[in-house]
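The briefing that follows is arranged by topic and is meant to be read alongside the coordinates.

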Amino acid sequence: MILFYMMIFAFVGAFLIYFAGKSFPRIKEILAVVISFLLFLFVALLYGKDFQINYHNFLGFHLFLRINMFSWLFALTITFLGFLSIIFSLSYMKDKKNNAFYYMNMLFVNIAMLGIVLAGDLISFFIFWEIMSWSTFLLISYKKGSALPASMKYIIMSIIGSLSMLIGILYLYDLTDTTIISQLSHIIRFINKGDVIFVVILFSIAFGIKNAVIPFHNWLPPAHSEAPSPFSAILSGILIKMGVYGFLLLFYVIIGLDIIFHLTGLTIVLNVLAAITIIFPTFLAILQNDAKRLLAWSTVAQAGYIFMGITYGTELSVAGGIFHFLNHAIFKALMFLAVGAIEYRTKGIRDLNSLGGFIKKMPFTFAAMLIGAMGLIGLPLTNGFVSKWLIYKTLILNGSPFLAFAALIGTWGTILYSYKLIHNIFLGQLPAKFENIQKAPFSMKMPMMILSTIIIFFGILPGIPLQFINKIIVSFGYHPLNVSLFGIVSDSGNLNIINILAATFVIGVLIVLFFRSGRKSVRVDQYDNYAAGSFIPKEKYSYTNSFYAPLDRFLNSFLKDYIDIFYCKSAALIRHFCNGIRKIYTGYVGSYVMYILLFLAVLIFVQLNWSVF
Amino acid sequence: MDFLYNYIYYIGAFGLILIGLYILLVKHNLIKMIIGLSILETGVNLFIITLGYLDNGTAPIFSKENLESNMMVDPVPQALVLTAIVIGLAVLALALSLAIRLYDSFKTLNLKKIKEQKW
Amino acid sequence: MKEITYINPVLLIAVPLALAFIIPILKFVWEKSIKWIPVAGFLFDLIVSITLIPIVLQKNIIVKIGGTTTPFSINLVVGPAGLLLSIMISLAGFLVAIYALKYIQEGDKTKYHILFMLLLTGAIGVVLTGDIFNLFVFFEVLCISSYALVGYLGNRAGIESSIKYLIQGSIGSSLLLVGIGLIYGQYGTLNMADLAAQIKTADSISLFVPMFFMITGLGIEAAIFPLNSWLPDAHSSAPSSISAVLSGIAIEVGLYAMMRILFTIFAAESFMGFLLFLGVITLLIGEMSAFSQNNIKRMLAYSSIGQIGLIVFAFSIATASGLSGGFFQMISHTLNKALLFLATGFMIYRTGSMEISSFRGLGKKMPLTALFFTIGTFSIIGLPPFVGFASKFLIFKAALAKQELLFIILIAVIILTTVIEGAYFFRIIQTLYFKESDDKSSKQESAITALIPMFIFALLILILGIYPNWIMKFIHSAASELLNKMSYLRSVLG
């Protein structure tokens, strides 16, 4: 029952924060930090446990909570990031009104996600999924103004997804007479293929919407950019990964390897969707001028990598997918937090064209952002390298050149937009109005520091997380990977970070030597670097403005988010139609009387003539 | 003629019902519509009475010594109609008082012109 | 077997009826006590109904009045289904009466309280009666008092809606009466059980025509499309406490009466397929019309149409689980819609406008009222862990258990309506909490007598949402009572 008490404790804690926060303002922050830390601790202590408990009976369905390696890894990531972003919130939310509400919802989202990964049956999975949806809605709306349409988009997509999932669950229940995951995995082989595909499609809509797979991605960019930054970190880092969790659960736990990869058509479709999800959002990210929106599009693209990994279905790719989920959670959270720190110090400016030159003012944030971007690109010695290596390798080895090419293009684009982000915020000239910008406060630095450390740590010692992932994929029914502390040994090629470390070290030494041997560099003022010291009016030349202008001109005319436009158009159409339909209530009684008599007359007429009833 | 003789009351009753519905359907004036309602109710009441009516039947009261049960009219419809008439009266009274208030507020009884509550 | 003693269910009707007519006398004696009379009356009803639950779960209670043998006496049949609704009615009556203590400030309060009691007494009568003519009479009591209450405020909207409601309602009653007459002409009895015994199943046109008349007549009160044109006007113009009762109780009672007639008397299974579509169309039209409303009460009224459509759909599945879903949805709709209207009442009172845009920032100014409103909306959309989720879940489950393509398509439509529903309800939530208002007036909560009933409704929504099993046994027996014609027959005719 420990899991159940943990959930109860967390829910009670969330309410406590709200009500305590009303009367004692300080205590809510302490409570929020303590509770989220305790949750992290609880989950960490559950390492290696594998059991399930029946905690409730809902309308005849037995609800279970369970823990195993698979859910433990996700639960740990959730609670860890939740804890860090609550710490980050301490200063980010300090001056905001109504932050008791914020902390309560923040915990709600975390608990709901924890519930999702701990759910041992599909009904409680769904219930937590919905709690997550509405608490997320409240959090995205939190900043008011333009956040409102964003959250509206989110909740509508989310309702569509969750309802189709509910239908899927009930359909599966009709076929198998159970919703308990451990039982489903045994029974599912007796179901015919068509039903399985139907269920997979229904679930995929739900998971695809959460995971922002094209064509269900359109809620994500506005929602991510409008949410409060610590929450964007959670949103991008783990919330959308609930879709990944769902896909893994559906494909590998419920349906199982031996069935899912015999549905070849399905996996091909999913792979192609993943490839599209990698390419287009990457290019859209390059065109963005809002820091958080750029990161949001990047999230869509990275979610495509993860999706590619888990739908491709070899050991390496699934391991890569899961590892990339973990890594993406870390570096994307870090980047959102870094942007959040900028936003906090500049009083809410995220426009890349009006920022610049913060490297001197906020060096720590710069370092964090740089490490995050390195992870995102997948440079060696960061964690992103290992997971991307796994995915590329399996794509190439198994003869999917097009998918591999898509992944490579994605990486190329990633470099472009990561550089744009770093350059436009931290390099170039410092606009005059930001002369007095201060460094990020400690409560913001601490989570960034921890996350940066993990990126490097996992990058150098990928064996540690890979061991956990290895256990997960073994539980899915794959052969274990041959993991060493520094990398992977496989018959087609080894990954060993030691070699890379050595190579990097050598290259680093060479570079240092090269620059040392050259002419001594001259330091110029930040404002002078455009014209190399000659006088130029400060405001006139800001080369952070319209970065990648040629690319922008080239792509902008035809690269639009057509899917979003399509959704918006159809929403407008539905609205129009709804507006028309209510005109049948004309306001004149005579027409109402006519409806009544027509109804009666038609009934009698139909029955007299055709006796249908 | 036999048909007419046997069913005259039913025809009358449904005639009244149809007239009532017709008035409700086509008339705009509230008072006329209320009259239509009234006619409709009368038709329904007549219809129900007719169900229990017996030619040359007597009241269902055991007043005479040798009264056969098939000589009596059915008392149930009469009880029903009595209730229905009372209900009809209540509705009529309410409708008329509302009509007065309606006229006070809108200065018209033409329901085509009173369309503030719509859509 | 030992005879169990219980309170005579006649008192469920007699006591509020008597109290209703004591009110005008009390007016001269002790005017201040008038508003407490409905509270007392429905508290009594609530308690009595709850004490009857264990007895009714074993067998139906039959009460005979004015006669000796069953077909010839007027009787009340208190089965699980009737009792379930009577509990809902007395609960809603009790809580709304408490709400009205402070809420009803203008107009002739004596009339309000009399009519309010009559309305709900009529509703209890409809659900407990075992005789179609009594059903008609109680129905008229319900209808006439609701016509009057809709126009209670005496403003333009109220009068206009009231007269329109009256015209359509009266046509409905006349059609119902014609149907009753046609049935009586053929079978010579008005007792539902007796009729049910004589009509095995509806098969000939001579049965269908009276059935159609009765369906149309009751359908007007039950607000089935296309008979529901009165509803948005009436529900939006009435005082909010009355809207709560009309939406939460009156239309459901109409629907119950309709289903009782369809299932018990006619057993018209073939008609259910048609009602399935009608239910979904009602749902679709209701939600779509609600979508672009700016007037909050009109929006809630259209949403009621939608919910009724869902209930009709659930009942028309005509399986035990479908009926359970329908009953559960009735309960959840009563709780949700009553809560929403009650919260809206004081929000309108505060802002002086029914426009949704005028509710900006109310989340700050009336935090508790807004919170209760939010709980109501979450529940009505069907988000866990609120009761609306449990009911929608049951309905989906029942529909999918049929394993037919038709049901999957209909469910897809229902999903679409839920999405629309979500869109407009979430828009209100955003208006309440996330839009700044212009006026900087201070925080002022609703009256405490309004907060208590809202709190109880919200609590019930939450508790039943988490522990729906607590009432499932009751609901199952209600569903099987309605579905199983023969057991009903046996219990009444002996």
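**A buried asparagine in chain A**

Asn383(A) counts as buried, because 27 C-beta neighbours lie inside 10 Å of it, where 20 or more are needed for that label. The model is a predicted one, and the values below are computed from it.

- Asn383(A) belongs to helix H17 of chain A, which covers residues 383–397.
- Leaving aside residues up to four places away in sequence, Asn383(A) touches Asn327(A), Ile330(A) and Gly375(A), and it also touches Ile455(A), Phe458(A), Gly459(A) and Pro462(A).
- Although His324(A) and Asn383(A) are 59 residues apart along the chain, their C-alpha atoms are separated by 8.3 Å.

**Where chain A meets chain C**

- The contact between these two chains involves 41 residues of chain A and 53 residues of chain C.
- On the side of chain A that touches chain C, the elements giving two or more residues are strand E1 (51–58), helix H5 (122–140), helix H6 (147–176), helix H23 (562–581) and helix H24 (589–610) of chain A.
- H6(A) supplies the largest share of that side of chain A, with 13 residues.
- By residue class, the side of chain A that touches chain C divides into 31 nonpolar residues, five polar ones and five charged ones.

**Domains of chain A**

- The domain assignment divides out domain 1 (263–560) and domain 2 (565–610) in chain A.
- The centres of domain 1 of chain A and domain 2 of chain A, taken over C-alpha atoms, are separated by 54 Å.

**Strand pairing in chain A**

- E1(A) and strand E2 of chain A (residues 61–67) run antiparallel and are joined by seven bridges, and within this pairing His56(A) stands opposite Leu63(A) in E2(A).
- The two strands E1(A) and E2(A) form a hairpin with two residues between them, and Leu59(A) in the turn has a positive phi of about 50 degrees.
- Elsewhere in chain A, three strands make an open sheet in the order E3-E4-E5, with antiparallel pairing.
- Strand E4 of chain A (residues 487–489) runs antiparallel to E5(A) and is joined to it by two bridges, and the bridge partner of Gly487(A) in E5(A) is Asn496(A).

**Chain B**

- The C-alpha trace of chain B spans about 65 × 35 × 20 Å along its principal axes.
- Of the 119 residues of chain B, 29% count as buried.
- When contacts in chain B between residues at least 6 apart in sequence are considered, 57% of them join residues at least 24 apart.

**A covered helix in chain C**

- Helix H3 of chain C (residues 80–103) has 24 residues and reaches 33 Å from its first C-alpha to its last, which is close to the 34 Å expected at 1.5 Å a residue.
- H3(C) is mostly covered, with 21 of its 24 residues buried.

Methods
Residues numbered from 1 in each chain as written. Chains lettered and ligands numbered in written order. Predicted model: local features only at pLDDT ≥ 70, side-chain atom pairs only at ≥ 80, totals over all residues. Helix = DSSP H or I, 4+ residues; strand = E, 2+ residues; numbered from the N terminus. Buried ≥ 20, exposed ≤ 12 C-beta atoms within 10 Å, placed from the backbone. Contact = placed C-beta atoms within 7 Å. Nonpolar A, V, L, I, M, F, W, Y, C, P; charged D, E, K, R; others polar. Expected span 1.5 Å × (residues − 1). Domains from an automatic or database assignment. Pairing = 2+ DSSP bridges.
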